Amino acid sequence: MVYEFGDCRIDAKRREIRRGGRTVEAEPRTLDLLLYFLSHRDRVITKDELQDAVWGTIVTDTAVARGVMKARKILGDSPDDPHYISTVRGHGYRFIGELRDEHAATNAPAGPALGEDRRSIAVLPFANLTGEAANQYFSDGIAEEILNLLARIAELRVSSRTSSFCFRDSMLDLRTIAAKLGVEFLLQGSLRRDGARVRVAIQLIDAKDDAQVLSQVFERELVDVLRLQAEIASEVVARLPILSGPPVRPHSRTANLQAYEYYLRGRHYFYLWDGRSLEYAKLMYRKAIELDPHFAKAWAGLAETLAGTRMWQEAGDALLAEATDASLKAVKLGPELAESHCARGFVLSLHGDYAGAAREFGLAIERDPMFYEAWYLFGRSRFSEGKPVESARLFQAAGAVRPDEYQASCLAVLALQRAGNQAEVPAAATEAVRRCRDRLELRPDDTRALTLGAGALTALELNDEAIAWVERALVIRPDDVMVLHNAGCTLAALGEVDRALDVFEKRFRLGTAFADWI
């Protein structure tokens, strides 16, 4: 039986108490006392009854009062202003908290309505014809923004950036690339900058018969690049066999092209998702904000990057305070942007304000139901809150939005295990492993796919392969905090205690975040 009330969660079967998303240590008798209050919450419980049920022998009233005091301390309750355990003078005690049913409907949104027959497309990285390496960020950014605009259309299944960008400079033919990505259409393009003008040539290919559906050249002033992205996306949507789509509008708001370029560089580094790259991402976002202090998406990107650094590397208050300020700025400047509310939700979850986080994630999803990051980070928030059933559902919704993305599927397995829902674990783990294998076929050095996938392999009792994936990740990136963290968790789950301790000791030399988790 699981009891939830306020910011508390007590799992009777696991004999575990969590408050504010963190595990709380309690003496066995204190936990027994709390469980007795909860299971008899419909009535007053006398001191004599508590002696018999919890102590099993005759003890003084002072001993009972001391036990109740410890229980209140665990819950953060007070006898003067009780929210959970009330003293009924002359009679005993009564539990007065309002329980929530973990399996009941919540305020979290349902997953997006997605048809089984969605058409599929991948946007390949655009070729940089300018000849300058610095412009690679720009051409990648243009392709990524077009990809994001297309991904907002529920009738389309759009291959993620992490998958489609694996085929940069690939010598494979387009039909083979489409087969590897599992899509029907490919959008490829090239970009050339000449002074204050930009020239973008695109081709939309039907991979089934290698037929050209659309071939067009766009030449615009650089200041019109945001409108150009929306125009290209609209042209593509018009040529695809789908019923309709929402108006495709640019959603990066800045008139400063150099600020936009720094923002694109920030996204580039953020997606590399390692300690050094996160530092570069913060630097790029700060430069974008310096050039345009009203650039909401740059503030959101900075908040998300600071929150990620705070979560994985630095547990200090200064970093969280800066992330908080950046997220507030993003919402103030871009209240219409899903990215702003998602960043704000992420930061609030790190504060332990899960109700506020849920509200912000809900707003992000309301503005863009196809926004993968909002579903994914909402799932992480619910997991930290101690709501694994809802967390698993949110991770599964994220996986539905991005069918080629493996992270949410792997974490859904963990959430189902935490919820004790063993019946659903094998199917979820099989799907997670499949996605990881697909990802590793495209990019064999993806250490996150290796370490998260190892956890899913463990759930399927494929232990030898799980250890092999972990060891492979440790060879590729032996000093990466996230690799060490996830590798240590998997080794611990497999009973490889000494190896896990070695990994964790190295991991903590790189940052103390998640100490309570370890």
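Which strand is Ser86 found in?

Ser86 sits in strand β6, which covers residues 85-88. Keep in mind that this is a predicted model. With a relative accessible area of 18%, Ser86 counts as buried, because the cut-off for buried is under 20%. Setting aside neighbours within four places in sequence, Ser86 is in contact with Arg72, Gly92, Tyr93, Arg94 and Ile96.

Now look at Thr23, which belongs to strand β4 (residues 22-24). Thr23 is partly exposed, at a relative accessible area of 45%. Residues up to four places away in sequence aside, Thr23 touches Glu16, Ile17 and Arg18.

Helix α4 runs over residues 135-151. Most of α4 is covered, with 15 of its 17 residues buried.

Helix α11 takes up residues 317-333. Here too there are 17 residues that should span 24 Å at 1.5 Å a residue, and the end C-alpha atoms lie 24 Å apart, which agrees. Which residues of α11 are buried? They are Leu319, Leu320, Ala323, Thr324, Ala326, Ser327, Ala330 and Val331. What do these buried residues pack against? Their partners are α10 (296-312), α12 (338-351) and α13 (354-367).

## The α14 and α15 pair

Next, find helix α14 (residues 372-385) and helix α15 (residues 388-401), whose axes are 8 Å apart and which pack at an angle of about 165°. That angle makes α14 roughly antiparallel to α15, because anything over 145 degrees counts that way. The crossing of α14 and α15 is left-handed.

On the α14 side, the contact is made by Tyr372, Trp375, Tyr376, Phe378, Gly379, Arg380, Arg382 and Phe383. The α15 side supplies Glu390, Ser391, Leu394, Phe395, Ala397, Ala398 and Val401. Sorted by type, the residues of this α14 and α15 contact come out as ten nonpolar, two polar and three charged.

## α20 and its two partners

Helix α20 (residues 481-493) has helix α19 (residues 463-476) as one partner; their axes come within 10 Å and cross at roughly 155°. So α19 is roughly antiparallel to α20. Their crossing is left-handed. Val470, Ala473 and Leu474 of α19 meet Val483, Leu484, Ala487, Thr490 and Leu491 of α20. What kinds of residue make up the contact of α19 with α20? Seven are nonpolar, one is polar and none is charged.

Follow the chain on to helix α21 (residues 497-508), which packs with α20 at an angle of about 155°, the axes being 8 Å apart. That makes α20 roughly antiparallel to α21, and the crossing of α20 and α21 is left-handed. From α20, the contact uses Val481, Leu484, His485, Ala487, Gly488, Cys489, Leu491 and Ala492. From α21 come Arg499, Ala500, Val503, Phe504, Lys506 and Arg507. The residues of the contact of α20 with α21 divide into nine nonpolar, two polar and three charged.

Definitions and conventions:
Residues are numbered from 1 along each chain as its sequence is written. This is a predicted model: local features need pLDDT of at least 70, side-chain atom pairs count only at pLDDT 80 or more; totals for chains, interfaces and linings use all residues. Side-chain values use heavy atoms; hydrogens and water are left out. Axes are lines fitted to C-alpha atoms, for helices over the stretch in contact, and angles run from 0 to 180 degrees between N-to-C directions. Helices (H or I, at least four residues) and strands (E, at least two) are DSSP runs, numbered from the N terminus. Angles under 35 degrees count as roughly parallel, over 145 as roughly antiparallel, 65 to 115 as roughly perpendicular and the rest as oblique. A crossing is left-handed if the near helix is turned anticlockwise from the far one by less than a right angle, and right-handed if clockwise. Contact means heavy atoms within 4.5 Å. Ala, Val, Leu, Ile, Met, Phe, Trp, Tyr, Cys and Pro count as nonpolar, Asp, Glu, Lys and Arg as charged, and the others, Gly among them, as polar. Buried means under 20% relative accessible area, exposed over 50%, partly exposed in between (1.4 Å probe, protein chains only). The expected span of a helix is 1.5 Å times one less than its number of residues.
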